[in-house]
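Student: I've got a new structure to look at, and I'd like to learn how to read it. Could you walk me through it?

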Amino acid sequence: MSLSVDERFTLINRNLQEILGADELKKLLAERDPVLYWGTATTGRPHIGYFVPMTKIADFLKAGCQVTILFADLHAYLDNMKAPWELLKLRTEYYEAVIKALLESVGCNLEKLKFVRGTSYQLSEAYTLDVYRMSSLVTEHDAKKAGAEVVKQVDNALLSGLLYPGLQALDEEYLKVDAQFGGVDQRKIFTFAEKYMPALGYKKRIHLMNPMVPGLQGSKMSSSEPDSKIDLLDDPKAVNLKLKKAFCEEGNVENNGVLSFVKMVLMPLRSLKGITTFEITRPEKYGGNRTFNSFQELEDAFKNREIFPTDLKNAVETEINGLLAPIRARFDNPDLIKLTEQAYPQEALFALVKNYDAEIRKPDANVTALHAAAVAKAEQHAPAGPVTDSRGKRTAKGALLDTLKEMADKPKKVINPSVLARLVTDCFITVSTVASSSDAAEGESKDAALASSSGEAADSGKGKKAAAASSTPKGGKAAAAAETEAPVDVARIDIRVGRIVSAEKHPDADSLYLEKIDLGEAAPRQVISGLAKFIPLDQLQGKLVLCVCNLKPMKMRGIESQAMVLAASNADHSIVELLIPPEGSKPGDRVAVEGFAGTPDAVLNPKKLVFETVAAEFTTTDDLVAVYRNVPFTVNGKNVVAPTLKKATIK
């Protein structure tokens, strides 16, 4: 049954935040099928956030649109070299494989889609001439303004970043489309195109914009923030772990990435299959199963606390694994595994370090074999570049190769995995060596390093605003250098013993307690904890607890919390127990974990997700001992324990 013009428009407009040229789109629908494109720069690895634009592409196809997918490889390089030139071809091949698998997962017929690589036409004589024509019209101000939300922003911008918006505008003409689809973060590029394309003699296009969807931590989903997104190749265990850590506060529907994924992906995909409901499955003792006929019903139930975070996460986990299963299956072959490692060598090396860390701890570990495998893999994926600088000093790559040589020469010597992790980080942080104009007279090159604080926004496809790491002087005049972060492990977490001085119900939240906790400081800290459902108030008074003391203070229902209480929890979060500091502990005593020495961060940067990453490895043993990576939490040499929960998570 064919759809009417109004029905087609409604389907195209479903869940969009804005359409520039809605009247033109309606006229076009009355005349013929619209032709539109969505572009994605081939930078960081696509994640489940890409289901958002793919879901809309499924809508466009059902509405009769002709759709082109642009793999914007040249854009990936121009955007502050997010994709190095030597990796451009490999990353584009990876994107093409994974995006096609993703489209098939949501039910799209690939035969109805057209796939184009940017460099197939962007290096042509005609396109190049139009770039020059565009550059003769566009002011620096307009170019910077257009790219402000998309192109990585740095103090000393590269010319390539200023060209980026103009190239994206020209793509509309060279792809011969009526409309461009992207995230609302690209609105300034879209209005830039509407201004400058007619000035070149080309028609103004229609622009369709998706809203920006929160990631799992409540911020934008980003390729460079591992816990803000689920990778398309993550296994079920990784999906479960990331969803457990996802921000999904009880009753809170704002910036809730789990709830947003249901709205923007799961409900629309189900409707395309003729399914108009969404099910929550849970035991009768927790309220039994629930069926919702619309997203609004589900959102209202969550807001009214009829549905709880665990209920929602469990349902979403099942749906996500269903979507990812065919993608995982396609990539379970040697050629695509090799392509993934070649396109993202840094991730391959970090996977190597993680595997080395896990295997080397086993009592029967074959150190010689582990070292041989680590050396082979690391040498294969180490980035291109010199091993010494202009002064003859070893570069980060040189230091990594030196360590690998030591591993090969002394195969029975165990290398600290944290050392390997830092060497890999250093190796990839330094992206280029440039000559500083202020030091030209000295004839020396200075190392320049840029560290991206965020990667691709999920539904824009062509990047988002990101910060550059600040440069620091080294040895005289301004030489740019990236600061190396300490390894992400428990040494960075300030965990102390505290005594609860007072505890009462939070005035605006029945599930929360408001506590004053003595942590050995001049005055007690104010702490909000979600213990109200699990521990009676009278059991908290005077209780010794463990607290994380270097989290950034945050407001919980209007009241600031200045620390976090640690507790053990069973799998379905129906039982929660406070950890027990050893006898003789007093407020202010620090928790130690043998083998992880260091000074904790003064305040953990919430965007780096250090605590979330480390806490994922907090558990209890069969002997009830609280551990990190199977090493006990201790206070003054004695173990911290849980009252009854074995093999429990600690949150």
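Student: How do I read the way helix α5 and helix α13 pack, and at what angle do they cross?

Tutor: Two packed helices are described by the angle between their axes and the distance between the axes. Here, α5 (residues 88–105) and α13 (residues 309–330) have axes that come within 9 Å and cross at roughly 140°. Axes are lines fitted to C-alpha atoms, for helices over the stretch in contact, with angles from 0 to 180 degrees between N-to-C directions. Helices (H or I, at least four residues) and strands (E, at least two) are DSSP runs, numbered from the N terminus. Keep in mind that this is a predicted model, where local features need pLDDT of at least 70, side-chain atom pairs count only at pLDDT 80 or more, and totals for chains, interfaces and linings use all residues. Residues are numbered from 1 along each chain as its sequence is written, and side-chain values use heavy atoms, with hydrogens and water left out.

Student: Which residues of α5 and α13 meet?

Tutor: Contact means heavy atoms within 4.5 Å. On the α5 side you'll find Ala97, Val98, Lys100, Ala101, Leu102, Glu104 and Ser105, and they meet Leu323, Pro326, Ile327 and Arg330 of α13. That contact divides into 7 nonpolar, 1 polar and 3 charged residues. Ala, Val, Leu, Ile, Met, Phe, Trp, Tyr, Cys and Pro count as nonpolar, Asp, Glu, Lys and Arg as charged, and the others, Gly among them, as polar.

Student: What is a nonpolar core, and how many residues has the largest one?

Tutor: A nonpolar core is a set of buried Ala, Val, Leu, Ile, Met, Phe, Trp, Tyr and Cys residues joined through side-chain atoms within 4.5 Å. Buried means under 20% relative accessible area, exposed over 50%, and partly exposed in between (1.4 Å probe, protein chains only). The largest has 78 residues, and Phe51, Ile57 and Leu208 have the most contacts inside it. Helix α11 (residues 257–272) gives the most to this core, with 9 residues.

Student: What does Leu208 touch?

Tutor: Leaving aside residues up to four places away in sequence, its contacts include Ile12, Leu16, Phe60 and Phe190.

Student: And how much of the protein is buried?

Tutor: Buried residues make up 51% of the 651 residues.
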